[in-house]
Amino acid sequence: MAERADERLVRLLGIVAFLDAAGAVTVDDLATRFGVTPQQVLEDVDALWVSGTPGYWPDDLIDFDAASLERGVVRLTEARGMTRPLRLGTREAVALLAALRAMRATVAVSGDVSARALDAVLAKLTDATGEAAAAVDVELTLDGAPQVLATVRDALARGRRLRIRYVTASDVATQREVDPLRLVTQDEHTYLLAWCYRAQDQRTFRLDRVLEAEVVDVPVATHRAVRDVVDFVPDPSGELVRLVLDAPARRVAEEVPVDSVRNLDDGTFEVVLRVADTVWLRHLLLQVAGHVRHVEPAWAAVDAAESARAALAAYARLTPDADPASGGAGA
Amino acid sequence: MPSQTPPAERLLNLVIALVNTPTSMSKQQVRSGVSGYGDAPSADAFERMFERDKDTLRDLGVPVVTVDAGGHSDDVGYRIDLDAYTLEPLDLTPAELGVLALAAQFWQDKALRVDTARALTKIRAAGRGSPGSGEAGTDAVAGLSPRVRAAGRAFVPLLDAIQGRRVVRFTYRAANTGEVREREVEPWRLAARRGGWYLIGRDRDRGAPRSYRLSRVEGTVRVTGTPGAFVPPEHVDVDAALSGRSGEVREARLAVVPERAGAVRARAVSPRGTDLDGRRDLVVVPFTSRAALADELAGYGDVVVVLGPPDLRAAVVARLQEAAALDGGAAAGSDATEGTDG
């Protein structure tokens, strides 16, 4: 069994303390409560049954009512003094409280009933653990237009299909019908995981690229288990691109999915990445051009440079001076 | 003994023994009396097993305390402090437990996931638990799944150092210069912002507050000195420390090719914009960081032209001029005033 000894120990102690307070509990309820299989609960009960204080005579052991266990009900008859639940370690408390606070901030924006449950948990846990949680401060950004966010939350809550207009990273807008599965807030973006009827597959949509969303009054279909993938996976068939960049472009190594990063002696660094979409690569190169020392293959540099020259030409045509008149006319 | 007691059961018996001992137990009493320790083939093996188990228990939050038995110098005894052991009763509703289960999935770091999973087990044990209270109450947060990127190996040692108020040393690669240097820091806070993890603390060499991106910490974080070596400020303004997040909101006026730059339009005051000259729409987008918006807009090439404000336009043009030189100066002299189509 792959479970760590310390994790199992905490559960074994937890089961005794819980049963001492709760009385008789079915195996299934106990399994649900502790997030394990009923089989695991029975193994845990067996382990507890032979544990106790030195001597290990019958009176020294933790004991259960054997007759009720026959009926699938666990009833503790002797706890050997292990009736108290174990306190949280500081790091455990901090990790949990920071997560709850970040969730609270996420939920607050969309203002719904879950905020109440979160507030209650936060208050109870803060009381139980003291002030340590200030060590970690997590702020998640819920992006996306407020009305889009509200519509998606509504569809998720009511289990309804969505019609969305979505623009891809290559700036192509499409209309799709999707069954929303989950709203994932990660790092600086919010993503909608959904079954896409157009693609006939699960897709991940960045919420700030959802231009419009409306609820379709059709219940969502049942789909196979959600693949909980948000991170962009580079297309293995994509072309290998090698960039050498100055230090200030470090975020490329940190935020773009790259195959490898190598620090070079002169303070520059090299990244290797797979690119399936040349438009995406052009966007990237235009953004960090000032810090690019080397690009392979060479066509990528030419492509970005040509695009930049076309853009500069457009800037030359559209001077800010000409703007107030037309801007005024439009407004 | 041929059959070894599983470690979890040995640990369990040790906890029960140390909770129930009237005063304390010596190592010898543990070895001869507690189930599982008789398995140790030698005194050395027992010693190692016992030390490791004690560390494991303390790491789990079980307060194993040493008691000086007095008299014989070797007779150190051990027991568990039951008052320090106990979590106050936490009566959580099924909905609240559901919220907690979700929070336990928040972290992507393995070490922190283990911590939160264990905390969840402890909390589940502390409820009175109405019969049949599964965690069906998750409807309240249906479909919500907040989480943060893995913070890396530096996180847990830094967190421990913050709590112990201990000074840390680590090797850091500065992004603006690429310089790699040893830093000595009084750690105050760990913060997650916009996809990155940061340490905020006082740099001892500079004698001033600094922030460090954890992904730029190289190698291991070493803890130096004694606990309680410094007093962190009462209030740490994380966002001020991570400068570049000035609050002023300005409006960018953009000339955008029809139907294009949808992601920019999505943030616009009015997504469709207003017709400029039949060939472009005027789209107005609020922004706070000029550099971030200039990066993004430069990426669109000729699809988006910045009309104002002037400093944003200049920033984008500067990026485009650098990009125009990427192919080795095929048109190195070109600039905004004499644009040549490539």
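Trainee: At what angle do helix 1 of chain A and helix 1 of chain B pack, and are they therefore parallel, perpendicular or oblique to each other?

Mentor: The model is a predicted one. In it, the axes of helix 1 (residues 5-22) of chain A and helix 1 of chain B are 8 Å apart, at an angle of about 50°.

Trainee: Which residues of helix 1 of chain B meet helix 1 of chain A, and how does the contact divide by class?

Mentor: Helix 1 of chain A passes its partner, helix 1 of chain B, in a right-handed crossing. From helix 1 of chain A come Ala5(A), Arg8(A), Leu9(A), Leu12(A) and Leu13(A), and these meet Pro7(B), Ala8(B), Leu11(B), Leu12(B) and Val15(B) of helix 1 of chain B. By class, the contact has 9 nonpolar, no polar and 1 charged residues.

Trainee: How many residues of chain B are in contact with chain A, and which element gives the largest share of that side?

Mentor: Chain B contributes 124 residues, which are in contact with 117 residues of chain A. On the side of chain B that touches chain A, 61 residues are nonpolar, 32 polar and 31 charged. The largest share of that side, 11 residues, comes from helix 1 (residues 7-20) of chain B.

Trainee: Where does helix 9 of chain A stand relative to helix 10 of chain B, and which residues make the contact?

Mentor: The axes of helix 9 (residues 278-288) of chain A and helix 10 of chain B come within 7 Å and cross at roughly 135°, which makes the two helices oblique. The crossing is right-handed. By class, the contact has 2 nonpolar, 3 polar and 1 charged residues. Its members are His283(A), Leu286(A) and Gln287(A) of helix 9 of chain A, with Asp295(B), Ala298(B) and Gly299(B) of helix 10 of chain B.

Trainee: Within chain B, how does helix 10 pack with helix 11, and what classes of residue form the contact?

Mentor: Helix 10 (residues 290-299) of chain B and helix 11 (residues 310-324) of chain B have axes 9 Å apart at an angle of about 50°, so the two are oblique to each other. Helix 10 of chain B passes helix 11 of chain B in a right-handed crossing. Arg290(B), Leu293(B), Ala294(B), Leu297(B) and Ala298(B) meet Asp311(B), Leu312(B), Ala315(B), Val316(B), Arg319(B) and Leu320(B).

Trainee: Which peptide bond of chain B is cis, and where is its proline found?

Mentor: Most peptide bonds are trans. Gly308(B) and Pro309(B), however, are joined by a cis peptide bond, with omega about 0°. Pro309(B) is found in the loop between strand 13 (304-308) and helix 11 of chain B.

Trainee: Where in chain A does Pro297(A) lie, and what is the peptide bond from Glu296(A), cis or trans?

Mentor: Pro297(A) lies in the loop between strand 14 (292-296) and helix 10 (298-317) of chain A. Omega for the bond from Glu296(A) to Pro297(A) is near 0°. The bond is cis.

Trainee: What is the phi of Arg165(B), and in which loop is its place?

Mentor: Most residues other than glycine have a negative phi. Arg165(B) is not a glycine, yet its phi is positive, about 50°. Its place is in the loop between helix 7 (155-164) and strand 5 (167-173) of chain B.

Trainee: Which feature does UniProt place at residues 155-218 of chain B, and how much of that span is strand?

Mentor: The unreviewed UniProt entry places "domain: WYL" at these residues. The end C-alpha atoms of the span lie 12 Å apart. The span is 16% helix, and its strand content is 58%.

Trainee: How far apart do the C-alpha centres of domain 3 and domain 4 of chain A lie?

Mentor: Chain A is divided into domain 1 (5-78), domain 2 (90-135), domain 3 (146-219) and domain 4 (239-317). For domain 3 and domain 4 of chain A, the distance between C-alpha centres is 30 Å.

Terms used: Residues are numbered from 1 along each chain as its sequence is written. Chains are lettered from A and ligands numbered from 1 in the order in which they are written. This is a predicted model: local features need pLDDT of at least 70, side-chain atom pairs count only at pLDDT 80 or more; totals for chains, interfaces and linings use all residues. Axes are lines fitted to C-alpha atoms, for helices over the stretch in contact, and angles run from 0 to 180 degrees between N-to-C directions. Helices (H or I, at least four residues) and strands (E, at least two) are DSSP runs, numbered from the N terminus. Angles under 35 degrees count as roughly parallel, over 145 as roughly antiparallel, 65 to 115 as roughly perpendicular and the rest as oblique. A crossing is left-handed if the near helix is turned anticlockwise from the far one by less than a right angle, and right-handed if clockwise. Two residues are in contact if their C-beta atoms, placed from the backbone, lie within 7 Å. Domain bounds come from an automatic or database domain assignment. Ala, Val, Leu, Ile, Met, Phe, Trp, Tyr, Cys and Pro count as nonpolar, Asp, Glu, Lys and Arg as charged, and the others, Gly among them, as polar. UniProt positions are given in the numbering used here, feature names are shortened, and annotations may be inferred rather than shown by experiment.
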